[in-house]
There are 2 protein chains.
Amino acid sequence: MAETKLRAGDPDLAETALDAQIGYNLRRASALALNDFTVEMASAALRPVTYGMLALIDERPGISAAELCRLLGMKSANMAPLLAELEERGLVERDDHAQDRRVRVLALTKAARKAMPAWRRQVRGHEDRFLHKLTAKERSTLLRLLRLIWTDEED
Amino acid sequence: MAETKLRAGDPDLAETALDAQIGYNLRRASALALNDFTVEMASAALRPVTYGMLALIDERPGISAAELCRLLGMKSANMAPLLAELEERGLVERDDHAQDRRVRVLALTKAARKAMPAWRRQVRGHEDRFLHKLTAKERSTLLRLLRLIWTDEED
DNA sequence: TATTGTTATACTCTATAACTATA
DNA sequence: TATAGTTATAGAGTATAACAATA
């Protein structure tokens, strides 16, 4: 695989080589996880974003769309059509908030609550597959380091 | 930040909670890195993909577009217009291959070679910024684990 | 037949702007 | 004024299909 003209011997390159960048490796690993997720969850027609929405609504029934956006790091403008799609598919219910009439309160439908455990198991299987080279301890370490990167102090 | 109706006590949820998924945390960390990269390299008008192309052509002068695609995990259909853009901007040269007339051989222009060290330093600064909560040892560990995920055995 | 490189096209995710309704 | 939610729109990245030229 080595190229004849490879500049690997260049001392300046050791620390700035593309392969040595965490950002690049994050992107490649994330892309692989995305592809594997999409294949695994194709039967349920769920992508990482829509699954994340369902999982969080499941974990926090009664959450508002705005709070869901904040927790998932999404813009409400992008959330709206996805929520409409999930509602149309009979997976999410949107009801009026008791006090604040601006808010739409989110919950899984009965059908979605019934399907969710199997979907969670499927996602767990997908994680086991794309992380098969990592030990349990390494997975735990990776989780901690990834959270350190993107999670704010106050979270 | 806790919701009153939080289902965190649910035993089934401990292992399948969205927050506990490495794929989800990979996506969030990668998105943060992408945003920071874009801000940092806005002055050079380079995005992660185009920077990756330049960095790899710099490290392997004379590489073909097909080999660049394989190394970066890109489709040649998506590479073509990006190479055309980089050529138009005077950063990449495409020359005919000596033996194989199908191949276009890639190299950085003199201007790009001159600019590359500063761009590499900028990217290094960006990495230091978004990884500021991680020690040097943790960064090394993270790099190793990310490579384990996406790198094939034969690489 | 397979590979290199290109064009066309569609889909997902993300970003901004503008808007209504309500606090 | 600020927030919740929606619509419209544009951009980047990625996917497949089809093609010409060459091996």
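How many nonpolar, polar and charged residues does the surface near DNA strand C have? In this predicted model, that surface has 7 nonpolar, 4 polar and 9 charged residues.

**View 1. The protein surroundings of DNA strand C.** DNA strand C is surrounded by 20 residues, and the closest of them come from both protein chains, namely Arg47(A) and Asn78(A) on one side of the list and Ala66(B), Arg102(B) and Arg104(B) on the other. Of the atoms of DNA strand C that come within 4 Å of the protein, 61% belong to sugar and phosphate.

View 2. In chain B, Arg102(B) places a polar side-chain atom 2.8 Å from a base oxygen of DNA strand C, whereas Arg104(B) has a polar backbone atom that lies 2.7 Å from a phosphate oxygen. The elements that contribute two or more residues to the surface near DNA strand C are helix 5 (76-88) of chain A and, from chain B, helix 4 (65-72) and helix 5 (76-88).

**View 3. Chains A and B as two related copies.** Chain A is superposed on chain B, with an RMSD of 0.0 Å, by a rotation of 180° that has 0.0 Å of shift along its axis. This is the relation of a two-fold axis. Both copies use the same surface, since 100% of the contact residues of chain A recur in chain B.

**View 4. Asn25(A) and its contacts in both chains.** Asn25(A) belongs to helix 2 of chain A, which covers residues 22-40, and its relative accessible area is 0%, so this residue is buried because the value is under 20%. Within chain A, the side chain of Asn25(A) reaches the backbone oxygen of Asp19(A) at 2.9 Å, while a polar contact of 3.0 Å joins the side chain of Asn25(A) to that of Trp150(B). When neighbours within four places in sequence are left aside, Asn25(A) is in contact with Leu18(A) and Asp19(A), and also with Leu143(B), Leu146(B), Arg147(B) and Trp150(B).

**View 5. Cys69 in each chain.** With a relative accessible area of 6%, Cys69(A) is buried, because this value is under the 20% limit. Cys69(B) likewise counts as buried at 6% relative accessibility.

Conventions:
Residues are numbered from 1 along each chain as its sequence is written. Chains are lettered from A and ligands numbered from 1 in the order in which they are written. This is a predicted model: local features need pLDDT of at least 70, side-chain atom pairs count only at pLDDT 80 or more; totals for chains, interfaces and linings use all residues. Side-chain values use heavy atoms; hydrogens and water are left out. Buried means under 20% relative accessible area, exposed over 50%, partly exposed in between (1.4 Å probe, protein chains only). A residue is near a molecule or strand if one of its heavy atoms lies within 4 Å of it. A polar contact is a pair of N or O atoms within 3.5 Å; within protein, one must be able to donate a hydrogen and the other to accept it, and residues adjacent in sequence count only if both atoms are side-chain atoms. Helices (H or I, at least four residues) and strands (E, at least two) are DSSP runs, numbered from the N terminus. Ala, Val, Leu, Ile, Met, Phe, Trp, Tyr, Cys and Pro count as nonpolar, Asp, Glu, Lys and Arg as charged, and the others, Gly among them, as polar. Copies are superposed by least squares on the C-alpha atoms of residues with pLDDT of at least 70 in both. Contact means heavy atoms within 4.5 Å.
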